[in-house]
2 protein chains.
Amino acid sequence: LHHPLDPVFDPRAVALVGISSSARGRGAEFLHALLDQRFQERRPLYLVNPRASEIQGLRCYPTLADTPGPVDHVISLIPRDGARGLVEQCIAKGVRSLHFFTAGFSESGEDGMAEAERELAALARAGGVRVLGPNCMGLYVPAARLAFSVGLPREPGDVMGISQSGAHAGDIVQGIGDRGARFSKVVSFGNGSDIAAAELFDYAAADAQTALVVAYLEGTGDGRGLFAALRRCAAVKPTLVLKGGFTAAGARAASSHTGSLAGSAEVFDALCRQAGALRVETMEELHDAAIAVSTSARRVRGGRTVLVGGGGGFSVLSADALARRGLDLPELAAATREQLRPWVPVAGNSIRNPIDAGFMGANRREAIAAVTAIAAAAPGYDLTLVATGAGGRRAAAAGRPGDPDEDEEREADPAERAREQVARLAALQERQGRPIVVVRRDHEGPDGGPHPLDALAYAAGIATFASVARAARAIELLLGWRRSRAGLPELF
Amino acid sequence: LHHPLDPVFDPRAVALVGISSSARGRGAEFLHALLDQRFQERRPLYLVNPRASEIQGLRCYPTLADTPGPVDHVISLIPRDGARGLVEQCIAKGVRSLHFFTAGFSESGEDGMAEAERELAALARAGGVRVLGPNCMGLYVPAARLAFSVGLPREPGDVMGISQSGAHAGDIVQGIGDRGARFSKVVSFGNGSDIAAAELFDYAAADAQTALVVAYLEGTGDGRGLFAALRRCAAVKPTLVLKGGFTAAGARAASSHTGSLAGSAEVFDALCRQAGALRVETMEELHDAAIAVSTSARRVRGGRTVLVGGGGGFSVLSADALARRGLDLPELAAATREQLRPWVPVAGNSIRNPIDAGFMGANRREAIAAVTAIAAAAPGYDLTLVATGAGGRRAAAAGRPGDPDEDEEREADPAERAREQVARLAALQERQGRPIVVVRRDHEGPDGGPHPLDALAYAAGIATFASVARAARAIELLLGWRRSRAGLPELF
């Protein structure tokens, strides 16, 4: 074992304590999440409920002590009144970590509950049991087949998620998971009575399976310790932080949610900058920044952009959206315009930058490929931004204006189209050395699910964003972060 | 006839000139759009192509002159070289309006083409023919069964769209149409050689079928005339304006797109404010503001918000998002908190504001209804913001954390659920008099299409937004607009 938290992330057996006998409720969700990851195919999974002999076909034990083998990790769904007793049982059983989904402690604001929470954590620690929570969703660790909800990818990856909020842990997994990212560990730690952000940042810094750290925080608890750990982590790995609860109402909500005391946005921002962390302001930015630092977009060194694709109106608003984020669209050199001329019809298209590639006609695909290649090779730019798709929800199917003559594409298999497109862009990026970033204008995949282009592009090291505005903001964040890291190690 | 443009919006017969004999291409799209609206069931639709006798089962005529009856409106798909000849034929035929999809004029930047465009328009006007375009998508007028793409609603409504860009005309129709709005007229006018924004604003002001005007502009052409018309229109009807092309690259793109000369953002903004128009900065804002002014959200008079729904993490970031837009979440009065207490479990929920209603248990629906009713009745607020859904893409189906125990709702028909929900909220709004605004956290409907909640809520006069950030921005825009209209007639 290399880190005190290692055993938490690799339990040899798990017990769900306080799972209700109905097929509903959060206990059933935790159970289904573990079954969905096939935890029980490799390691024992015990259910504990004194009033049931079997739940969902799995045997139930009356108490934790009755489980037949050792238990490393306990997930608690019992009411808070039984929490202390459960800690004692865990100590007696030799449990290594105890995840309290159980809530009602410091976040309740009730007299004595903050103290009760501290005592609970101290008792557990003294007995050799680490505590997650209370009031949290716990662990998603695909390598150990742990999960807090069903439908999460089974294959592991290199992103570590650290979240004070369970819902936001889920947002992070879904938001960047849908776009192709996979996870080493995701920890929802709630009130953080024992295991909390600082220790998790230190773990992430040391963890060989983690290359990128994505965090949602509400309070800063021991601010000095937290920022020291954040600094150590951000020094060696890209570390993205979203902090909630800056406003009076937000702080009030944070206090009710995870018992956190929030601080000022300015102080937090300055500390993040000093630490070399990338601070974002919204969940959407957290997702987009995570995609950007995991792909070639992280190599962008400036804002000189060449934009190809989309129609005339799209070009106009895109240029404005890029400018709002400090990105520029310098006019193409005459030599490049000459190269483009044979491919871009005179009527209704521009070859200056943005390149309005609302092509028509039979050689549409060939023309798009040729124009994209010329754009990617145009000298003097930091970034090639490629817009794909017709825009909007199932736009191609609806036959809306702006992207004429897509009949052929409409008939093709979208996944196959996406594969061809990504292979072509990856080859261009490889050849030219300049990052390519994709704006995927079709908002969703053919079945209403994630768009196949996203994960394919991610695997090829190419970032995709749902709009020019979001791509521009992600690049702005990256460039600002790079400036703030002067003097720190180059991460890429 | 009340307005010179009335005949343009109600042609007794239409001819598609230059439609290609293949089933593909823009001509086929225009044809399918008209067939989709069932134009030909009520009025003659002629196809003109000298090299085909029949296209898609419809008879083709060699020239416009050969069509057997009068033709009011011509859609031109011919190359620009034939444009002048077509104008002469239209004059001879007694055509009242000529829509040039045909492009390649001022927007091409080529020598002489701006002049050629002016001459074309002058020739047509002198001969009694009004010109739309060149380089545009033309008309969507459901009452006259005209459309520029397939799949657009057949039922008319009260929103008039005015767009220099065809793609953005489509964005407007899809973006707010998916959310329940319907249209009186939508005009894509491209280069605006004859019919252009000023005249369309005046038309909109006078049009009995139009209650709301939504415009996308690139250039301002005759700026003085445009703003005089905008002022007349905005004085009597809510008039929303998105202007593209403010940056150097955006202006370059606007010039290539519709031959427009763009102006400065500051001047435009000041002129919009003086005119009493609501200026937005992005297409998303245009959609959201249109929904806001069409629903009870337009009655919001201040930023004091009570937010109900969502979990703890959602509450925290929502509070921050509202504050960023100048909205406040004043803490609930003790009396209101007392009313809430029986409904909100102690553990992990807040009753202060935001009201964290991540309920669990069997009486979940009843509890949500009761808490929403208490929130809607809480004294001292300008706005009740209700968050629904589990968040994210098909979140309920994925069983993600944050909205526990939704099993029952997952099984119910989403449209039926939405109907119940809207009926409940509409009754609450009616009873309390205070606007209710919905944040619909499920991003899409069950089939990947529009969410059924949006159109149902719209019909009940309730605005829906896809995030708290977007709702907050729409309210901020409305409040700012209201302030700027001091001295102008109250619209609602």
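Colleague: Why is A:R145 called partly exposed?

Modeller: The relative accessible area of A:R145 is 23%. Buried means under 20%, exposed means over 50%, and partly exposed is what falls in between, using a 1.4 Å probe and protein chains only. A:R145 is therefore partly exposed at 23%. Before we go on, this is a predicted model, where local features need pLDDT of at least 70, side-chain atom pairs count only at pLDDT 80 or more, and totals for chains, interfaces and linings use all residues. Residues are numbered from 1 along each chain as its sequence is written, chains are lettered from A and ligands numbered from 1 in the order in which they are written, and side-chain values use heavy atoms, with hydrogens and water left out.

Colleague: What is the relative accessibility of B:R145?

Modeller: B:R145 comes to 24%, so it counts as partly exposed. Its phi is near 60°, a positive value in a residue other than glycine. A:R145 also has a positive phi, of about 60°.

Colleague: Where is A:R145 found?

Modeller: A:R145 is in the loop between β8 (138-140) and β9 (159-163) of chain A. Strands are DSSP runs of E with at least two residues, helices are runs of H or I with at least four, and both are numbered from the N terminus.

Colleague: Is B:P153 buried or exposed?

Modeller: B:P153 is buried, because its relative accessible area of 18% is under the 20% limit. B:P153 sits in the loop between β8 (138-140) and β9 (159-163) of chain B.

Colleague: Which residues is B:P153 in contact with, leaving aside neighbours within four places in sequence?

Modeller: They are B:Q37, B:Y140, B:P142 and B:R182, where contact means heavy atoms within 4.5 Å.

Colleague: What makes A:R26 buried?

Modeller: Its relative accessible area is 4%, under 20%, so A:R26 is buried. A:R26 belongs to helix α1 (residues 25-36) of chain A.

Colleague: With which side chain does the side chain of A:R26 make a polar contact?

Modeller: With that of A:E29, at 2.9 Å. A polar contact is a pair of N or O atoms within 3.5 Å; within protein, one must be able to donate a hydrogen and the other to accept it, and residues adjacent in sequence count only if both atoms are side-chain atoms.
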